[in-house]
Amino acid sequence: MTTVTEIAPTAPAMHRAEVATALPPARGQSFLKLVTIELRKAVNTRSGRVLIAAILLLAAIAVGWQLTHLPQGPAGIDGFLGAASTSVMLLLPVIGVMAMTSEWTQRTALTTFTLSPRRVRVQLAKFVSAVVLSVVVMTAVVLIALAGTALAGAVTDHTTSYAGLGGQLAGAYLTVALNVVMGAAFGAVIAQTAVAILVYFIAPTAWSLAGPALFKDNANWLDVFGAFGRIAERDLHGMLPETLTAIGVWIVLPTIVGLWASSRREVK
């Protein structure tokens, strides 16, 4: 004969099983949600906001300088856009670096990868968010350049020219995106913000200075700045293999290594 004491202990277990069965299955975060979260992280920190403000301020100063030093002839959008985008090319890749290193330098990796255990997916979201943010900032810079060009035509005796604007914008956006991805790749590999920024600025610059002296024309195969320049000009000058090789070595390879390293780095 079964006693009450033999039945009672099984009741809580049966109740828990029924509750677990009734609960809906847990759903992971969508990739779009991850990108949105990473974008919010990038602009919610003081360093991120200061960096973006500095880029826009430098762009406005450069356009102001261009406005007061107009050359002879029409005031072309190319001059204003070139002046305004200088700060973007220099500083915007730092956003990519910070996007990849923030989890490790701010010690939030444990929380992030506990909520989203698929690390490569999170890292890819960081890459995408950095590119999206760079496009937004670049758009603001383009508007500053357009305003400067229009102002030159309104307050001076120069005529304005917007010839080739579409091609210039395509080259500028593509170059900025590649720069940001390169910065993010270095950040993913090194995971220390200061060191990654130093390596990003020093390594390709050192090659562009020392490479031609050591390897002559063969240095073009690893000259990523030359590749960026050709892409920005929308003219590869018959150097497609050299351009692709430089992009592969300085951007694609570090991206792959960075994703691999991030997926295996110890979380503390």
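Guide: Start in helix 3 (residues 31–44), where K41 and E38 sit 3 residues apart, which means about one helical turn between them. Helices here are DSSP runs of H or I, at least four residues long, and strands are runs of E, at least two, numbered from the N terminus. The model is predicted: local features need pLDDT of at least 70 and side-chain atom pairs 80 or more, while totals for chains, interfaces and linings use all residues. Residues are numbered from 1 along each chain as its sequence is written, and side-chain values use heavy atoms, with hydrogens and water left out.

Side chains of opposite charge can pair when their charged atoms come close. K41 and E38 meet in a salt bridge, with N to O at 3.4 Å. The term asks for a side-chain nitrogen of Lys or Arg within 4 Å of a carboxyl oxygen of Asp or Glu. By this rule there are 2 salt bridges.

How exposed are the two partners? K41 is partly exposed, because its relative accessibility is 29%. E38 is buried, at a relative accessible area of 7%. The classes are buried under 20% relative accessible area, exposed over 50%, and partly exposed in between (1.4 Å probe, protein chains only).

E38 also takes part in a salt bridge with K126, whose closest N and O atoms are 2.9 Å apart. This pair links distant parts of the chain: K126 belongs to helix 7 and E38 to helix 3, 88 residues apart. K126 is buried, with a relative accessible area of 0%. Through shared partners, the salt bridges join E38, K41 and K126 into one network.

What lies 9.1 Å from K41, C-alpha to C-alpha? It is S102, 61 residues away in sequence. S102 is part of helix 5 (residues 77–105). At 15% relative accessibility, S102 is buried. A polar atom of the S102 side chain lies 3.5 Å from the backbone oxygen of A99.

Back to helix 7 (residues 119–155). It supplies the largest share of a nonpolar surface patch, 5 residues. The patch is made by F31, V120, L124, V128, V132 and V136, and covers about 420 Å². Patch residues have over 30% relative accessible area and no salt bridge; like charges are joined within 9 Å, nonpolar side chains (Val, Leu, Ile, Met, Phe, Trp, Tyr) within 5 Å. Areas come from the Shrake-Rupley method with a 1.4 Å probe, and for residues only the protein chains shown count as cover. V136 is in helix 7. V136 is exposed, at 51% relative accessible area.

Now the rings. Phe, Tyr and Trp rings (the six-membered one for Trp) pair if their centres lie within 6.5 Å; planes under 30 degrees apart are stacked, over 60 edge-to-face, the rest tilted. By this rule there are 4 aromatic pairs. F186 and W250 are stacked, because their ring centres are 6.4 Å apart and their planes at 5°. That pair links distant parts of the chain: F186 in helix 8 (residues 165–190) and W250 in helix 11 (residues 240–264), 64 residues apart. F186 is buried at 8% relative accessible area, and W250 is buried at 13%. W207 and F215 also form a stacked pair, 5.5 Å centre to centre with 25° between planes. F215 is partly exposed at 43%. Ring pairs link F186, Y200, F201 and W250 into a cluster.

How values were computed
A polar contact is a pair of N or O atoms within 3.5 Å; within protein, one must be able to donate a hydrogen and the other to accept it, and residues adjacent in sequence count only if both atoms are side-chain atoms.
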